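Dear colleague,

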Amino acid sequence: MIDRLEKEVDMLERHLQVLKMVIENEPIGIVKMSNETGYPHHKVRYSLRVLEEENLIEPSSQGAIQTERTTEFVDELDGKIDDIVDKLDGMKIEDVAEIEG
């Protein structure tokens, strides 16, 4: 049950790492990202496709670049992650056992 969530978090981490590389090094191509992250080309390509579908990056002749939406997304990201962490913390069963015990 929790395995799927863990895989999603790992994939999100990869997507955000690729986005960070685009922001810091734009324009940047798949080969350079793959070499610097250690992720295989196909995983970098998939992350780039997901980021492009979310309108966070766009392709250029020199490599991936950020869009107008990227800054807004980054500004909101930490708050959204904090909200998710709080929700997950509230789901811990050990906390329930301590209250009842």
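The largest pocket is lined by Leu 5, Glu 8, Val 9, Met 11, Leu 12, Glu 13, His 15, Leu 16, Ile 81, Ile 84, Val 85 and Leu 88, where a pocket is an open set of points on a 1 Å grid over the protein atoms alone, with a 1.4 Å probe fitting and protein on both sides within 12 Å along at least five of seven lines, and lining residues have an atom within 4 Å of a point. This is a predicted model, in which local features need pLDDT of at least 70 and side-chain atom pairs count only at pLDDT 80 or more, while totals for chains, interfaces and linings use all residues. Residues are numbered from 1 along each chain as its sequence is written, and side-chain values use heavy atoms, with hydrogens and water left out.

The largest pocket holds about 310 Å³ of space, the volume being that filled by probe spheres set on the points, which are joined across faces, edges and corners. Helix H1 (2-25) and helix H4 (69-90) each supply at least two of its lining residues, helices being DSSP runs (H or I, at least four residues) numbered from the N terminus, and H1 gives the largest share, eight residues.

The second largest pocket, with about 200 Å³ of space, is lined by Met 1, Ile 2, Leu 5, Leu 88 and Met 91.

Thr 37, in helix H2 (residues 30-37), is in contact (heavy atoms within 4.5 Å) with Gln 17, Met 21 and Val 44, leaving aside its neighbours within four places in sequence.

Best regards
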